[in-house]
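Here is a walk through one protein model, taken a step at a time. Keep the sequence and the structure in view as you read.

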Amino acid sequence: MKAMVLRECAEIKVEGEPRRYPSLPLKDDPLELMDLNVPEPGFGEVLIRVSACGVCQTDVDIVEGRRVCKLPVILGHQAVGVVARVGGGVSRVGVGDRVGVAWIGWSCGSCNYCVRGEENLCGSFKATGCDFNGCYAEYMVAGEAYVYRLPGVYDDFEAAPLLCAGAIGYRALRLLGMKDGLTLGLFGFGASAHQIIQVARKLYPSSRILVFTRSREHATLAESLGADWAGPPTAEPPEKLDRAVDFTPVGEVTARALSLLKPGGRLVVNVIRKRSPIALDYTEHLWMEREVKSVANVTRRDVIEYLEVAGRARVRVTVNVYKLEDANEALKRVKVGGVTGAVVLRP
Ligand SMILES: [Zn+2]
Ligand SMILES: [Zn+2]
């Protein structure tokens, strides 16, 4: 089978950008196209013929060493495909079923976090496309307890970005403690935020939603999806925020978002690693009971609920499809930012 494999971490070369990680090699093509054997599903596992694979900011983090993974590794944790074969003991899904796979690939099931359904915080949590091989390939293997049925209203390419960008965004929305009528700010407007604004619009009809993005195209998309205002993060918004989500890898944006919160406001940061440090001043950013919280991984419940919510709300997903062989180009576009919607690979 064809697979795009990461053998060693590298800084992804982008014209005009300064070097950030001089200890890593600088590469145009950090992923290598390889011809590998189709993997065998083990006990409790299924083999999936991949038809679409979402590209995530986290994949850029993995390539550039900000998220440590096994190496070599096949990236990709937003997989859509059809079950091609099942291992022993599999009973929930069968050959021919259309399924999705998300970032959460395994958790211990017995620690305090797992027992209370917070397997995203499990100390032995394992991630798809990181701790085991993911979907930048024609086939992948996944545990049957970690595959999901997909809403019929989406084609395979549209369904892929629901599984991470959407599901993690949905978790961020839950952690916000959002209520109808509160003013919500979204910082960054990529694969995740363009889905979450539609859910927020449905769930909180009288809330005002302000979108902070430096891309004019993103601002236009935001307005078409229900934003009450859109402008760059440095612009003065028409009002302060009760709740906000920061989707950007930029440290300064976190400080900016906190400075725009009303007293008692809350910010959720929805990104694994910031590429620049977050410099906070207690009085300017946190005083008056303002809070900041991170969002880590996803639980199975997040994924299942979001797939249902998105299908019901008819969340529109904008996708840019690349051939699997062009995964390096796709990664570069995600790293640079400015993609309108989500990037998806077609094996
Ligand atoms: Zn992701
Ligand atoms: Zn656990």
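Start with two helices. Helix α4 (residues 165–175) packs against helix α5 (residues 193–203) at an angle of about 50°, and their axes are 8 Å apart. That angle makes α4 oblique to α5; angles under 35 degrees count as roughly parallel, over 145 as roughly antiparallel, 65 to 115 as roughly perpendicular and the rest as oblique. Axes here are lines fitted to C-alpha atoms, for helices over the stretch in contact, and angles run from 0 to 180 degrees between N-to-C directions. Helices (H or I, at least four residues) and strands (E, at least two) are DSSP runs, numbered from the N terminus.

A word on the source. This is a predicted model: local features need pLDDT of at least 70, side-chain atom pairs count only at pLDDT 80 or more, and totals for chains, interfaces and linings use all residues. Residues are numbered from 1 along each chain as its sequence is written, while chains are lettered from A and ligands numbered from 1 in the order in which they are written.

Back to the helix pair. The crossing of α4 and α5 is right-handed; a crossing is left-handed if the near helix is turned anticlockwise from the far one by less than a right angle, and right-handed if clockwise. On the α4 side, A165, G166, G169, Y170 and L173 take part. They meet A193, Q195, I196, V199 and A200 of α5. Contact means that two C-beta atoms, placed from the backbone, lie within 7 Å. The residues of the contact of α4 with α5 divide into seven nonpolar, three polar and no charged. In this count Ala, Val, Leu, Ile, Met, Phe, Trp, Tyr, Cys and Pro are nonpolar, Asp, Glu, Lys and Arg are charged, and the others, Gly among them, are polar.

Which residues of α5 are buried? They are A193, H194, Q195, I196, I197, Q198 and A200. A residue is buried if 20 or more other C-beta atoms lie within 10 Å of its own, exposed if 12 or fewer, and partly exposed in between. The cover over the buried residues of α5 includes α4, β13, β14, α6 (216–224) and α9 (300–313).

Helix α9 also meets α4. The axes of α4 and α9 come within 9 Å and cross at roughly 100°. The two helices are therefore roughly perpendicular to each other. From α4 come G166, A167, Y170 and R171, and from α9 come D302, V303, E305, Y306, V309 and A310. The residues of this contact of α4 with α9 divide into six nonpolar, one polar and three charged.

Now the strands. Six of them form an open sheet in the order β15-β14-β13-β16-β17-β18, with parallel pairing. Strands β15 (229–231) and β18 (291–294) stand at the edges with a single partner strand each, so one side of each is left without a neighbour in the sheet. Neighbouring strands of this sheet are turned by 15° against each other on average, direction ignored. Within the sheet, β13 (residues 184–187) and β14 (residues 209–212) pair in the parallel sense over four bridges. Two strands pair if DSSP finds at least two bridges between them. F187 stands opposite F212 in β14.

Other strands run antiparallel. Strand β5 (residues 45–55) pairs this way with β7 (residues 79–86) over seven bridges. I48 has V83 in β7 as its bridge partner. Strand β7 is also joined to β8 (residues 98–101), by four antiparallel bridges. There V80 has G100 in β8 as its bridge partner.

Turn to the loops. Most residues other than glycine have a negative phi, and most peptide bonds are trans. The loop between α1 (57–63) and β6 (73–74) holds P72. A cis peptide bond joins L71 and P72, with omega about -5°. C69 is found in the loop between α1 and β6. Is C69 buried or exposed? With 20 C-beta neighbours inside 10 Å, C69 counts as buried. The C-alpha atoms of C69 and C130 are separated by 4.9 Å, though the residues are 61 apart along the chain. Leaving aside its neighbours within four places in sequence, C69 is in contact with I62, C130 and D131.

One more loop, between α8 (282–286) and β18, holds M288. Phi of M288 is near 75°, a positive value in a residue other than glycine. M288 is exposed, with 10 other C-beta atoms within 10 Å. E289 lies in the loop between α8 and β18. Its phi is near 60°, again positive. E289 counts as exposed, with 11 C-beta neighbours inside 10 Å.
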